[in-house]
Amino acid sequence: MAQKTSQSTKGTFTREEVSKHTTSEDLWVIVDHKVYDLGDFSDAHPGGSVVLEQVAGQDATEAFYNLHRHEVLQKYESLCIGTIDGEKPEVIDPKPGDLSQVPYGEPLWLTPQFKSPYYKDSHRRLQKALRKFVDEDIYPEAQEKELDGTYISQELVDKMAANGVLAMRLGPGKHLEGHKLLGDVEPADFDFFHDLIVAQELSRAKARGFQDGNMAGMTISLSAVKQWANDTALRDKVMEECLSGKKFMSLAVTEAFAGSDVAGLRTTATKTPDGKHYIINGTKKWITNGMWSDYFVTACKTEKGHNVILVPRDDNIETKRIKTSYSTAAATTFIEFNNVKVPVNHLLGKEHKGFAVVMSNFNHERWFMSCMVIQWMRMVTEECLKWSHQRIVFGKPLIQQPVIRQKLARMISLTESCQSYLESLTFNLNHFSYDQQSKLMGGPIGLLKSHATKCAGEVASEAVNIFGGRGLTQTGMGRVVEQFHRTYKFDAILGGAEEVLADLGVRQAMRFMPKAML
């Protein structure tokens, strides 16, 4: 009988040799032509030892893949003691940075058989480098934080800052100058398709609460400082602090009284008699990253309109954690401003004209939210394609059921159509100035986001039906599906509710409707 070998000297065994190891203390199994010694592991097996004893000494490939993904084998690679003599593993063993080989597991531009007019070599370099960075550095922490609800580590923030990820999250612009970007992308070449890649690759951490906790607050607030700050010295200081990861920021617009109805804000900004400061009073609610922010880009009501003010944290600002249906790793916050004194040079945009700042700033937020939810649709569709080939029902794979193929067809169609819609608008973002984007793109982006999140709801529902009970379970095979079904509504609400954005899109279109057509 062959003896157990060390990890560095794995051996070869016959199936007859494996069949002799059938006790709980001496338990071997075969999975994908590899031999695993589970004797010391059986008591620690999450599913109990009995299920392992049922396949002791046997080829457990079908049983294993009917319950687990290949990543479980990768996690327990140390238990592998060799292979079956004359046989080779068949299942693909993905490495960090690899592209998915599942049909529709990647957008068409990353699929060898298809072409795209939008993406150049620099886009592909960025995607490849960022995929590896996400797999190796972001994914492990994201999974940990999603479970324990704690906030992103300074170590990971520093890594993202050093690789230009924080700067890239703000999109194209001069703020990228001086930053070394992943994939050796030149800052001057960085466009909205690079931006799209950043948004979609970061979503591959597959942790919805952490996804927002991963500097989303900075992404949607620092952009307003970059574009609208009146004091250039203040702007440059805050930009450097945040893009280096030294300071953190969030966007404080939403209130209990004013969500999508920004005009209904009650937080006030009143000038002091000497005209040198604003006194801010009020509350904000559902503010992403607010718990640990050093700055708050705050929308306020004035006697003549609205102001947007960069508010540094001080003792007169109180933050309280809000528990939501996704992880507290997002740092969702209730904020109270109690006579907070802020210098007037912290005003963003023009006095009493803050509504324009808020509305124009929404475009990039809604666009990158669309990027992310569409990527989630793709990841969930990929999970369903894998599962339907693995799961054996009534003696045959689930994929052989016509009703399942119909569901998959619908999910694929929704995902690909949304991606194409997104890429079409992204192409136009590359050809518009900021002012043109503010004038022309609010409606189309609003329609995109509204459409994408409605499609996401259908994908989430179909995915749960395909996975059954596993689609409602937060661990194991269906955890990505369960998470998406539980959290896709964040994208449907945050940044503007579906109905509000759909209406915005139509109302903007009506402004360009020629009277001669009536």
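This is a predicted model: local features need pLDDT of at least 70, side-chain atom pairs count only at pLDDT 80 or more; totals for chains, interfaces and linings use all residues.
1. Domain layout. The domain assignment divides the protein chain into domain 1 (11–84), domain 2 (109–214), domain 3 (242–352) and domain 4 (362–512). The centres of domain 1 and domain 4, taken over C-alpha atoms, are separated by 38 Å.

2. An unreviewed UniProt entry carries the feature "domain: Cytochrome b5 heme-binding" at residues 10–85. In the model this span is 25% helix and 21% strand. The label comes from the UniProt record.

3. Extent of the interface. How many residues of domain 1 are in contact with domain 4? Seven residues of domain 1 touch ten residues of domain 4. The size of an interface is often given as the accessible area lost when the parts come together. For domain 1 and domain 4 the buried area is about 750 Å², and carbon and sulfur atoms give 34% of that area. On the domain 1 side, N66, L67 and R69 supply 71% of what this domain buries against domain 4, more than any other three residues.

4. Polar and charged pairs across the interface. The rule finds two salt bridges between domain 1 and domain 4. It also finds six residue pairs in polar contact across this interface, with both residues at pLDDT 80 or more. By class, the side of domain 1 that touches domain 4 consists of two nonpolar, two polar and three charged residues.

5. The E71 pair. Side chains of opposite charge can pair when their charged atoms come close. E71 and R479 form a salt bridge through their side chains, with an N to O distance of 2.6 Å.

6. Salt bridges in the whole structure. The search of the whole structure gives 29 salt bridges. One of the pairs is E106 with R131, whose side chains meet at 2.9 Å, N to O. This pair links distant parts of the chain, 25 residues apart: E106 sits in the loop between β4 (80–84) and α5 (121–148), while R131 belongs to helix α5.

Technical notes. Residues are numbered from 1 along each chain as its sequence is written. Side-chain values use heavy atoms; hydrogens and water are left out. UniProt positions are given in the numbering used here, feature names are shortened, and annotations may be inferred rather than shown by experiment. Helices (H or I, at least four residues) and strands (E, at least two) are DSSP runs, numbered from the N terminus. Domain bounds come from an automatic or database domain assignment. Contact means heavy atoms within 4.5 Å. Buried area is the accessible area (1.4 Å probe) that two parts lose on being put together, summed over both. A salt bridge is a side-chain nitrogen of Lys or Arg within 4 Å of a carboxyl oxygen of Asp or Glu. A polar contact is a pair of N or O atoms within 3.5 Å; within protein, one must be able to donate a hydrogen and the other to accept it, and residues adjacent in sequence count only if both atoms are side-chain atoms. Ala, Val, Leu, Ile, Met, Phe, Trp, Tyr, Cys and Pro count as nonpolar, Asp, Glu, Lys and Arg as charged, and the others, Gly among them, as polar.
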